[in-house]
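Dear colleague,

Please find below the structure that I am handing over to you.

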Amino acid sequence: MIDFDELEELEALAEERDRLSSDQPICLRWVVDVSAWEPSDEEFDFLIDLVPSDNPQEVKKYRVRADRKRALVGRLLTHAAVATVLGIPYREISIGRTKGRKPFLCTPHSVDWAPNFNFNVSHEGRYVALATENLCVVGVDVAAPLSQRKRNQSVPEFFATLETVCSPRECNDIRKQGSEELQSGAFQRHWSLKEAFVKARGDGLAFDPLSRAEFTIGGPLDALEPRVCVDGQARPEWNFFLEERDGYWFSVSERDRLSSGQPICLRWLVDVSGWEPSDAEMDFLIDLVPSDNPQQVKKYRYRDDQKRSLVGRLLTHAAVATVLGIPYREISIGRTKGRKPFLCTPHNVDWAPNFNFNISHEGRYVALATENLCVVGVDVAAPLSERNQSVPQLFANLDTVCSPREWNDIRKQGSEEQQMGAFQRRWSLKEAFVKARGDGLAFEPLSRAEFTIDGPLSSLQPRVCVDGHARPEWKFFLEERDGYWFSVS
C-alpha cells in the first residue's frame, strides 16, 4: 500500500522509469489511504495545477470536502501512473473520457509493449485505488464497509433499496451467510466485482440493471475465485482479483485478451471512382453521420477528397452498427490527440471490449478494418501514376520514410515500376503501423519503423523493427489490387 505521504515521490519514480527495460511491461496496482491527509486550500490549488489536462471544476464540483480530496488524489494517481509506465512528462499528459465516462489516454506514446494502455481509478471512504493494463481493458473498484453506506438503515432495509444490484440467486447466497456482518461482507464483494466489471467494459450507467452480471464466488476468503455470467451466459474470458483490507473490498476486472467469443472483424474496401454524387446527395449523406461536424467533410478543397472523406465516415458508422448493433443516430465518434478515431458510445457486446477501427482513403479506394480485442490500423497506397512525380523525385522528397537498408532493398528491385511497388508496400505498412499505435505525426521519422518483407508477392510476410528492436508482437496483412497496396497492422 502506498501511504499518501509518498505521493509526492511518484513523479521522481516516473523520472527513474527510463532505467527499466522497455521489454518488460509494467502493470500497476496502487492503493492510497487518504484518511489522515487534510490539505489546505493552497495545497489543493497547487496539486490541482499538477494535472493540467483536467478541468479544476471536475474536482471542485464535489460538495463534500472528502469527495473533492478523493477525486484529486485519483487524478494525481492517474497522471503518475501514465508517467511511470509510459514515460510521458506530466505536462504532456492528456486524459479524455468516453461517453460512458471511462477515462483514456489521449497523448500518443511510443511504448510498443503497451499498445492498448488501459487504466481505471476508484475511490470510496478512506481509499483511492488505481489499476493499469497494457494489452487488455481493466476496471477497479473500492467498496467501503456497509456501516459507511447505509445511513442509519438496518442491513435488510439497505438491501431492499438495492434489489436490482444482485440477482435472486446472489441475494440468496448473501442471506445464507448468517450474521448481518457476514451478509454485509458478501454484499460488498458482489457490489465491488460488478462495479469493476462494468468500469472495465466502459458501459457505466448504461449497464442496467447490475443484476444482469451474476457472480459466483468460490474458494476461501484468502483465495477467492470469482466467475461471472452476463444475461445468463458464462463469460470465462473475464478474470477477477478480489482482496479485503480494513473492512474494504478491492476488485480488479480484466478481460483475457486471448479469449474470443463470437467476434466479427471487418475488412471493407470500396471503389468510389464511379460514384459522382450531386450536392443534394452529399448533404443528405453527411446528415446520416450526425456525430460528425459537416465541415470536416466540406473543409476539403477538392470534390474527390470530400467524397472519400464522406465514404470513410459512412463506412465507420456502418461498421459500428454492424459489429455492435448500435443505431446510427446513437453512434458518437471521437478522436485522440494523435487523431486516431475511437467509439464514444457505450455498448454491451462482451466479445468486443476494446472495439477498434481505422479508415484510410487514397485515389479510387476507401478501406476500413475493425478489431475487437487489439488495436488496428489500415492504409491504402496509390500507384505512382496518380502522384504526378517521377520515381527519383518521389524518393528524394520522401527520403526519411525508409531506412538506408530499406532504400537499398527498394533500389535493388530493377525497373522503376518494381521499385515503386516495393516503396508502396513499405509506405503502406508504415502508415498502417503508426495509425494502429495512435501516434500519427508524432512518430517521426517513419524510418524508425524498419520493415523486412519476405515471401512471394502472393503471400508476403512483413516483420518490423522499431529503433533497431524487433517487434514480433505486431502482425501485418499486405495485399495488392489494381496497382494499389493495402496494409492492415
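**The chain as a whole**

The chain exposes about 23,300 Å², of which carbon and sulfur atoms supply 49%; accessible areas come from the Shrake-Rupley method with a 1.4 Å probe, and for residues only the protein chains shown count as cover. Please note that this is a predicted model, in which local features need pLDDT of at least 70 and side-chain atom pairs count only at pLDDT 80 or more, while totals for chains, interfaces and linings use all residues. Residues are numbered from 1 along each chain as its sequence is written, and side-chain values use heavy atoms, with hydrogens and water left out.

Of the 489 residues in the chain, 53% are buried. Here, buried means under 20% relative accessible area, exposed means over 50%, and partly exposed lies in between (1.4 Å probe, protein chains only). The chain contains 13 helices and 23 strands; these are DSSP runs numbered from the N terminus, with helices being H or I of at least four residues and strands being E of at least two. Among contacts with a separation of 6 or more, 59% are between residues 24 or more positions apart, where contact means heavy atoms within 4.5 Å.

How many residues of strand β6 are buried? Seven of the seven residues in this strand (residues 127–133) are buried, so β6 is largely enclosed by the rest of the structure. Both of its faces are covered: Tyr127, Ala129, Ala131 and Glu133 are buried on one side, and Val128, Leu130 and Thr132 on the other.

Strand β2 (residues 29–33) runs antiparallel to β6 and is joined to it by five bridges, with Val32 standing opposite Val128. Strand β5 (residues 118–124) is also antiparallel to β6, and seven bridges join the two. Val128 in β6 is the bridge partner of His123. Two residues lie between β5 and β6 in their hairpin, and Gly125 in the turn has a positive phi of about 60 degrees.

**An open sheet with a helix across it**

Three strands form an open, antiparallel sheet in the order β7-β12-β11. At its edges stand β7 (138–143) and β11 (238–245), each with a single partner strand, so one side of each is left without a neighbour in the sheet. Neighbouring strands of this sheet are turned by 15 degrees against each other on average, direction ignored. Axes are lines fitted to C-alpha atoms, for helices over the stretch in contact, and angles run from 0 to 180 degrees between N-to-C directions.

Six bridges join β7 to the antiparallel strand β12 (residues 248–255), and Ala143 has Trp249 in β12 as its bridge partner. Helix α7 (residues 180–201) lies across β7, β11 and β12, at about 150 degrees to β7.

**Packed helices**

Two packed helices are described by the angle between their axes and the distance between the axes. Helix α6 (residues 168–175) packs with α7 at an angle of about 145 degrees, and their axes are 8 Å apart. In this contact, Glu170, Ile174 and Arg175 of α6 meet Gln183, Ala186, Phe187, His190 and Lys194 of α7. By class, the contact of α6 with α7 has three nonpolar, two polar and three charged residues; Ala, Val, Leu, Ile, Met, Phe, Trp, Tyr, Cys and Pro count as nonpolar, Asp, Glu, Lys and Arg as charged, and the others, Gly among them, as polar.

**Salt bridges**

The structure holds 26 salt bridges, each being a side-chain nitrogen of Lys or Arg within 4 Å of a carboxyl oxygen of Asp or Glu. One of them joins Lys307 and Glu276 (3.5 Å, N to O). This pair links distant parts of the chain, 31 residues apart: Lys307 is in helix α10 (residues 303–324), and Glu276 is in the loop between β13 (267–271) and α8 (279–286).

Another salt bridge joins Asp173 and Lys176 (3.9 Å, N to O). Asp173 is partly exposed, with a relative accessible area of 23%, and Lys176 is exposed, with 59%.

Yours sincerely

Methods. Pairing = 2+ DSSP bridges.
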